Amino acid sequence: MAHGFSDRSMREQQPLIKQYVDLLMAKLRQAEGKKVDLAAWYNYTTFDVIGDLAFGESFGCLEGGEYHPWVKAIFELARVGVVFQSLVHFPLIFKALLAVIPKSLMEEREKHYQMTLVKLKKRMEGGKDRSDLIEGLLKKADEWGLTLQKLQANSAILIIGGSETTATLLSGVTFLLMTNPDALKKLTAEVRGAFRSEDEIDFMSVSNLPYLLACLDEALRMYPPVPTGLPRVVPPPGASIAGHYVPGGTVVAVHQWAMYHNEENFKKPFEFHPERWLGDPEFASDRKDAFQPFHLGPRNCLGRNLAYIEMRLILARVLWNFDLRMDEDSADWMSKQRIYNLWEKGSLNAYLTPVQR
Ligand code: HEM
C-alpha cells in the first residue's frame, strides 16, 4: 500500500484532493450568515476525499451536505465495536451476549459489508492504473492471493483510518483556535500574508507555514484523533518496559491522551501553546519524543504525510477565506465528548464571514 502514499502518488492525487477542498469552500460560502457545523463539513470533506482515493468515487457527502449511509454506519458500528472489544476479556458474558445480539445489528453489519463490496467492484472495473491508494493492492492481488474479502477489509480500513482522524484533528484545531484568539490572529496573519491569491495555496506552499504546523501539532497533542492506546502483544520471553518486567503475551498500549496531558511530559498540558513546537524556551523541558500521534514502528500510520497535507491545505484555505466566530452552544464542545476508540465529536457550530479583498 505504501506505493499509494509515495511523494509521486501524492503529487498525482493533488488535483483530486483540491477539487473537494474547492467544493468545501463553495459550500461554506453559501452558508454565510448561518450557523455552520464545522465538524460535519470537515467529515464530509475527508470522507469524500478518501472515498475517491480508495474506491474511485466520493461518497457525495459534500454535494448533498449530509452523511452517506456507509459513513453513518461506520459511526454506529464503532460504538458497538468498543463494547465487544471490552467484553472479549469476559468470555462467558461475551458468549452469552453474542447469542442475544439483535438481528438488526447483524443485518446492519452485513449491509455495510455489501455496500463496501459494491463500491470495490466498481473501482476494480475502472482498471488497475489509477493513482490512488488501492492501486498497489489491485496490481498485486493475483500474485499475493488477495481475495475480494481481503481487498474489501483493506479499503474499509483505509477509509476509516484516513477520514475520521483527519476531520477530528481539523475540528479540534479549529475549536482550539476559536477559543484562543491570540493564536487565531497570529495564524490568520501568517496565512493571509503568505499568498497573493488563493490559487497559490497548494501542497508545496502550505509546507512553508511554521505557525500552521505548530498549531496542528499542538492540537494533535491536546486532542489526539486516536486518543486511547492501540494494543501490542509483548513477545515471549517478556520484556522490560519503562523499568518494569512484563511477561510475554501481555497486551500493552500507550494511551495518547493521558501521555500528552501528563505534566511530567508537557508543561501546562491543558493549555494551547503552539509556541512549544517553535523552540520557545518556556517549554524547553517538554519531552517531545513522547509525542507520537501517528504511533511508532512497523504498524504506524501509513497516511501521515497525506494527513498533514490535507490538514494544512484545508485549514489554510478556511482561514484565507473566512473570519471565524464560534457559536456559544459549542463553548464546551471538547470537554463534553466521550471516546469510543474515536471521539464522539458532536456539532462544532460557528459563523463564517467571507473576507473582503
Ligand atoms: C490526523 C490524522 C491521522 C492520525 C492521527 C492517524 C493515526 C494513526 C495511528 C495512531 C495508526 C496506528 C494504528 C496502530 O498502531 O495499530 C494509524 C494507522 C494507519 N493509518 Fe492513520 N492517522 C491519520 C490519518 C491517516 C490518513 C489520512 C490515512 C490515509 C488513508 C491513514 C491511513 C492509515 C493506515 C492504512 C494505517 C494502518 C497501517 C498499518 O497497519 O500498517 N491515516 N493511523
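Predicted model: local features only at pLDDT ≥ 70, side-chain atom pairs only at ≥ 80, totals over all residues.
Local features need pLDDT of at least 70, side-chain atom pairs count only at pLDDT 80 or more, and totals for chains, interfaces and linings use all residues. Numbering runs from 1 along each chain as its sequence is written; side-chain values use heavy atoms, without hydrogens and water.

**View A. Helix α4 against helix α6.** α4 (residues 69–87) and α6 (residues 103–125) pack at about 135°, with axes 10 Å apart. Axes are lines fitted to C-alpha atoms, for helices over the stretch in contact; angles run from 0 to 180 degrees between N-to-C directions. Helices (H or I, at least four residues) and strands (E, at least two) are DSSP runs, numbered from the N terminus. The contact (heavy atoms within 4.5 Å) includes Trp-70 and Leu-77 of α4 and Arg-109 and Met-115 of α6.

**View B. The iron site.** The ligand's iron atom has a single protein donor, Cys-301 (SG), 2.3 Å away. Donors are N, O and S atoms within 2.8 Å of the metal (3.2 Å for Na, K and Ca); water is not among the atoms, so sites may look incomplete. Cys-301 lies in the loop between α11 (256–260) and α12 (304–321).

**View C. The open sheet β1-β9-β6.** Three strands pair antiparallel in this order. Pairing requires at least two DSSP bridges between two strands. β1 (35–37) and β6 (322–326) are at the edges, each with a single partner strand, so one side of each lacks a neighbour in the sheet. β6 and β9 (residues 349–354) share five bridges. Phe-322 has Pro-354 in β9 as its bridge partner. Helix α1 (residues 7–30) packs on the sheet and touches β1, β6 and β9.
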